[in-house]
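My entries follow in the order in which I looked things up.

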Amino acid sequence: MTLRQTLDRTLLLMRDEINETADDETLIVALTGTKVAIIADTSNLATHSAQTAFITMALLMARSAHHVYLLAPDLTLVGVQTPLGGGSIIAELLKIGTDLLPGVAFSTDIPDTIIDLAIALGDSNVPLRARHEVTINADNWCGHLTSPQNATPWNAGQWPLGGMMAAAMAAAEAFKISMRKLEQHARNPGLMAELFAPVGDITFALAPADTKLTCEMEEFDCVSGGAITQSILYVLTRVAGVKAHARVIEPDHADPSNLNRYMLLLHSHLGSQKAEDLAAICSGTGLTIEPVAKRYEPAEVDNIKLRPDVLVGVDDIPSRWLVQRSRPRWLAIGATTHWSAMASFHVAGIGGCAECLHPEDDPSNAPIPTVAFVSFWAGLLTAAYFLRQKSGQPLDNFAAEQQIYVTPTRPENPVWAFVTPHADCTSCASLLDVTTVDRPPNSHSDRDN
Ligand SMILES: [Zn+2]
């Protein structure tokens, strides 16, 4: 297997902006030639939040084939970090690093040349020269990315969501450097410059600061075991003390082109049944997974009685309608389109349903352009909706934030909005007949993000 095969979907997305004067090898060199150091000292890496941020950045960047330097003490992991084992942070990352993309591995030496990007956790000292330096930090629900002069000691403790938010923003900054290396091949130089310019100091909040922290997630279903679901489970297994039982409804097997973005998939697990692999990789965490190796489609609706809470990670629009028409008490959908991530939640009595939000089918069997950090943003936003719901906060308190659309390369401009109900929505009107769908769900094996 080649690196080119595992980066197929990433290259497809890069081709949105890069013309044919650059061949695929040039794109791959832009990715592998992007050198990033992730830097933390003992005090800034002590908490589960900080360790989660460090690991999430490293994994997201490795799945985009960047050369990542891990410059931190090899501290004992203080919480669950699936798919890493339970040892120490650097040793476990080095082990996993050789089981991701072919030819990509982490380094732990201090680079002796000027690198592209240095990312420091909190106020950790940066022991090298980089063309661009940023620092990240987190609160419970917020990620912060700032210039070094605004660095402060790592703030968040055990709750890991804000740390993952900061990591997701930092991973986007690294990928933008790869794209800027290709600017002479831009299809639209103006658009490219705007999309991939470095971000300034930014805070991104996944939920209000006073949102209650809960590890009680009870039972829920995930429709699809693809990239969005993998990101959701990656997030939820990191909630300390999590107690949950999830079914993953997914018929397919892991493919090399999944490795660029599936947060819990290892190279050595390629070919495994996706749902069964997720059950195995999450065993030993407080989140127990029951694999259901089936596609959620009209013929299975009566066999797979969905639970009250359902998380959907499929692009296929009729599949979403089918889930909506099974009337889950609470439904969330995460998705990506090119450089953008989106998530929404749907519950009776608050705004529109999943079909109100996406009333048009968009059938296509073409491979989908995707990249690690965009899929992770979508999963993180969806998981945050789920945790807000589980916190017991009245749902109508955040109806104005029922959906979010954000382009992670430009996190300054998220759009949070209410989902307007459609008067002629078939799902809203025909909830009694759950098998009525205009078109059978798409059977292509990789119609998930
Ligand atoms: Zn509707």
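**Terms.** I call a residue buried if 20 or more other C-beta atoms lie within 10 Å of its own, exposed if 12 or fewer do, and partly exposed in between, with C-beta atoms placed from the backbone. Helices (H or I, at least four residues) and strands (E, at least two) are DSSP runs, numbered from the N terminus.

**Source.** I noted that the model is predicted: local features need pLDDT of at least 70, side-chain atom pairs count only at pLDDT 80 or more, and totals for chains, interfaces and linings use all residues. Residue numbers start from 1 along each chain as its sequence is written.

**Helix α4.** I looked up α4 and found that it covers residues 48-63, 16 residues in total. From first C-alpha to last, α4 reaches 22 Å, close to the expected 22 Å at 1.5 Å a residue; the expected span is 1.5 Å times one less than the number of residues. I then checked burial: 16 of the 16 residues of α4 are buried, so α4 is largely enclosed by the rest of the structure. Just after α4, I found A65 with a positive phi of about 65°.

**Backbone angles.** As background, most residues other than glycine have a negative phi, and most peptide bonds are trans. I listed a cis peptide bond between T82 and P83, with omega about 10°. P83 sits in the loop between β2 (67-71) and α5 (89-97).

S224 is not a glycine, yet its phi is positive, about 100°. I placed S224 in the loop between β7 (216-223) and α8 (227-237). S224 counts as buried because it has 29 C-beta neighbours inside 10 Å.

H338, also a residue other than glycine, has a positive phi near 55°. I found H338 in the loop between β11 (330-337) and β12 (340-346). With 14 other C-beta atoms within 10 Å, H338 is partly exposed.

**Domains.** The domain assignment of the protein chain gives domain 1 (3-205) and domain 2 (216-429); such bounds come from an automatic or database assignment. Taken over C-alpha atoms, the two centres are 24 Å apart. The contact takes 38 residues from domain 1 and 37 residues from domain 2, where contact means C-beta atoms, placed from the backbone, within 7 Å.

I listed the elements giving two or more residues to the side of domain 1 that touches domain 2; among them are α4, α6 (161-180) and α7 (189-196). α6 gives the most to this side, with 9 residues.

How values were computed. Two residues are in contact if their C-beta atoms, placed from the backbone, lie within 7 Å.
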